[in-house]
Amino acid sequence: MSDASLIPMKMVEIIMSGEDLHLVEKLLVKAGASGFTIVPNVSGRGHHGSHEGHLLFNDMHTLDMLFSIVPEDLVEPILAGLGALFERHSGMVFVSDVWVTRQRYFKQYANHAL
Amino acid sequence: MTEELVLQPDPVTDADRQRVLAAISLASEAVAPFYPMLAFVHHNPLHGLEHLPFDEAIRKGRELTGGNGYLSNEEYRGLLADGRIDKGDLRIAIRRFAPGFDGHGEVAAGGRRIDPLDVLEIHLAFGIDPVDPEAFRELVRRKGVLRESGTASALWPAVLDALDLTGTLPPGLLEPGGADGEEGVERQARIVEAAGTGAVQAAAATAGLGLLAEDLGCIGEGMTAGEWIGRLAGVDIVGSINREMIKWCSAFLDQGVATWEAPGREKGFYNAWRDLAACDVSGRFLGIRGFRGLVKRLPAQPEDALIESMRALGVRDKKWIETLERHLAQLPGWAGFVKWRSESHDYLWQRRYPIELVDYLAVRMFYARRLVEACCRDAWGVEGDLRALAAYFRRHPAEYLARRRTADANVPPDASPHQPAHRRVPASDGAWDRFGRIVHLCDETSRRDPWSPLGRDAWRLFRLAQFLALSPYEVRAMSVRDARALLSILESLPPDAHGPIWLEAHEAKYRGELLSRLAANRGADPGASSRSRTRPPTQSIYCIDVRTEGLRRHLEAVGDHETFGFAGFFGVPIGFRGFGRREDTALCPVLIKPKSVVIEFPRAGEERKGERALRGLAWDGVVHGVVQRLERHFAASYALVDLLGGFFGLSLVGRTFFPVASRRLASRVHHVVVPPAPTALTVSKHGRMRAENLVAALDPPARAARLERLGTQGFTGEEQALYIETGLRTMGLTGPFARLVLVCGHGSESTNNPYKAALDCGACGGNPGGPNARTFATIANMHSIRVRLRERGIDIPEDTRFVAAQHNTTTDEIVILDEYDCPETHREDLLRLRRDLAEAGARQAQERCRRLPGSPKNPTPAAALRHAERRSADLAQVRPEWALSGNAAFVVAHRSLTLGLDLGGRVFLHSYDWERDAKGTVLEIIMTAPLIVGEWINMEHYFSTVDNKVYGADSKVVHNVVGGFGVMLGSGGDLQTGLPRQSVMAGPSRYHDPFRLLAVIEAPTGRIEEIIRRHHILQHLFDNRWVNLVSLDPRAGTFHRYLPGFAWERLPGDPLCARPEGIRK
């Protein structure tokens, strides 16, 4: 990680119900995240038991994963919104350090516009 | 300033904005999304509360919207008297909901032992409720209830003895009335005199301060600041806010109906409102000083405006969700539509004119804040905000007590003569302070009133003793403790807790009857033998909709036809672009998004007809557009009457008196203008080469966009095979296949009916399912797909042909679609099937006539068809058909379980063969999609029936279509979100029985339980009792009812003959 061309950023990974995906996207955009990637219908095991992602005709009750690379100063507001959501709904958030090569791709939107 | 009301002038941060957006989303769970009426989607009005137990959600719904979630106790008593609730079921339900009394707590009365369950049963059946002193005085003195008969007159003293109340009797208890007037005058004089004493002043102040502190703590949670202040001042602040919101929302959300569009809508609701309201003078009429300046100074971001207003109203940050919940629930229809719009980014009108819930709430909260300030100023002369008003009431605590009790309509009768004449008297007058002291004094006097224990305790014991047939001797022999024990049994189940018990008992009768019929049918034809392994002449697939139950039954009776039930989108979630249309319609359950767009286009060789049809459509559009504009133009509309009035008048006469002939004529004229063109569907994705050829002539940017659009059209071969395989496996149709397999969607046809979409297919998002049937049939007939299916173990013979059709549920006509595709070799089969379908449709119409009010009683099948057609063409018909009304159960089983049973058009029938689904994956699909949609439909009907005014849409007679997306009652009010009264009621009586959906699944119990364990949504539905679940063990033939927490209660083979046998976990 000593390469000077690498810029430190934060990666926020969120696992949530398909019903909450729309809200989480909205929160990230409003906070100023420049983009994100969605992995739909994930499966796994957690404190609520296992989730196998067998749903074929139901996009609302799936588990989805979303991750976004953001500057460090966006992490606190993002966590404020997600924290409020996950006080009542099940879901997980992970924040980790990442390094990127092209910082301009992860710049904050100027106007927080949706 | 105490900590109950903390105003927070802190600046709004990014974290605050994020928190408020999350809070809005969570708060909006209290209102159900409202879909535009063109695609009516049945939904549970309490969908957002399904994570709560059913009863708890109902209580929360009542708290927020005032809606009742059960019939009233009197209505349930009526059902008990009519025999529609069984006494035995009622007792079982009581035992289930009051388990502490089952075999415990018997009370001694003389030589008798009284079973608490008997007491509760009497309580439910007759309502043994306390009576307040005034009402009791009335009963005794004016109606003489204690002097009725010898037994009663002997029983009453015994009751007083048993409760040890003899020494506290008021004078002349059993004498006829007459002394009250004198007593009243004396009492009034005493009250006025005593109210001026220092002791009463101090006590009233203490009571007022206590109430104030309690209420300040509730602002945001139990009530909004606007509700609180408005009720105290006798001003309808919430009504004023609602009127403003309706005004602005209806202007902004209009979908091309308004002649004069609101400007600036493309900037979004908050910004458009800010621009327009800054020029609006109506703020002055609301009493908001400097309205325009206040609007202009609002922050640019709606989040900031919302947070600032909430903080100014004294709402603490941790109460945001509850506050916003209440604000949304004050207009659940409009808020529900805004919620839907904010989640529908693909919706044309949302793309053009965006609106988010935060916009709506920011505007709403602005009015709340400013109207509260205006009210404080006008009513109490208090300039400023809630903090100043709270300080005022701390100086006038007795006034607070008086105003609060007046707002609650809880003023003691003796105090009411002293109530100030007008609620807005100046504070300096002191009238409210004086009134507060009198209220407090009357409360104290009432507590010592000797009539209180008589109405509360003795009267209840007296009535109970009569129903229990206790003799005066037995009552007198009771100890005070035992007498009180009887009363406490009653108190353990107050009247507002009776609803769940009644509902359980009401449902039990239908459940018992249905299960015993299934058991008998199963016994008559034990499953396996009827499960055809030989090739039937035809097979047909229908939607699970309750309306197809009758059609399937009649078809099977007419000829040798095998039928299957599957969700009416037939497993192909498509966006459909009809020929000549520009927009796609999602034809799939709202649980999913269309996976691809299917486009309708003229068949090969029919291009000329297609072009003619397109030209006709264009002309039709132009003429309609011009006439519509002229109709709405303020000047041209007068000229239009002269020009076309005669024509319109003639048309109206025709439509009124000759609806069928008139519609046929209109249809012929339409066909002349727009000649029908035979069409086909693009069900396959273009290959890369073909797609590139199609876009080769375009500019590079347009080429990329067009390529992307082409990518969304049709399905790949793999997708096609997957959808057909899943569909066939899910309904258990994996062979043998008949020569002809009909795939039959359904739609409806009605006139002048804003609720038309509610009659269409719910599995197709409130649209006709014909295009899905065509898509399924087209793909299933493709040779390449059959090859793939064969590799996967489904061998469809070469001579099997899939044919699409659509059932018109209003007229019971079945139309074969894409008939051109049927080869000559299958013409005979199709002809035979068509003839049998016509006969089955006529019989179905005949059956429906027996249920539809205003139909001939015993029509011939042909007469029934004519009547159904007339109903569908009648522009004054408020009930073209019953649609899904009456739905009660959802059976997931092989058809042999229900074959031949007349289920009255009340049961969703989903075909399922447990033997072909060893891993349970098919059942998992059924339980996580069609069953959920069934629950939405059922809950929509349930709530629209139990409280049609709040959860339903009230009477169609006063409906007024607004904006092209909803209806209001008359000229204003909330959007009506549920079903109209005429959809669930037949005149004054209920047509729809408000039961929760009974799901009966023919599969091993363990398999069902495994699936429930894997899905939270199913745990919510079954554990929280939104759906009743019963499993039918296919091997043993036993029924088990699911109970919360993965427990199963064994039901006997014939549930009517015996009671539940036990519970296992």
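In this predicted model, B:Ser540 sits across from B:Leu742 of β9(B). That pairing belongs to a run of five bridges between strand β3 (residues 538-542) and strand β9 (residues 740-747) of chain B, which are parallel. Strands here are DSSP E runs of at least two residues and helices are H or I runs of at least four, numbered from the N terminus; two strands pair when DSSP finds at least two bridges between them.

Zooming out, five strands of chain B make an open, mixed sheet, ordered β4-β3-β9-β10-β11. β4 (561-565) and β11 (813-817) of chain B are the edges with a single partner strand each, so one side of each has no neighbour in the sheet. Ignoring direction, neighbouring strands are turned by 25° on average.

Now the helices. Contact means C-beta atoms, placed from the backbone, within 7 Å; angles run from 0 to 180 degrees between N-to-C directions of axes fitted to C-alpha atoms, for helices over the stretch in contact.

| Helix | Touches | Angle |
|---|---|---|
| α27(B), residues 546-558 | β3, β4, β9, β10 of chain B | about 165° with β4(B) |

Residues are numbered from 1 along each chain as its sequence is written, and chains are lettered from A and ligands numbered from 1 in the order written. Because the model is predicted, local features need pLDDT of at least 70 and side-chain atom pairs count only at pLDDT 80 or more, while totals for chains, interfaces and linings use all residues.

Note on methods. Contact = placed C-beta atoms within 7 Å.
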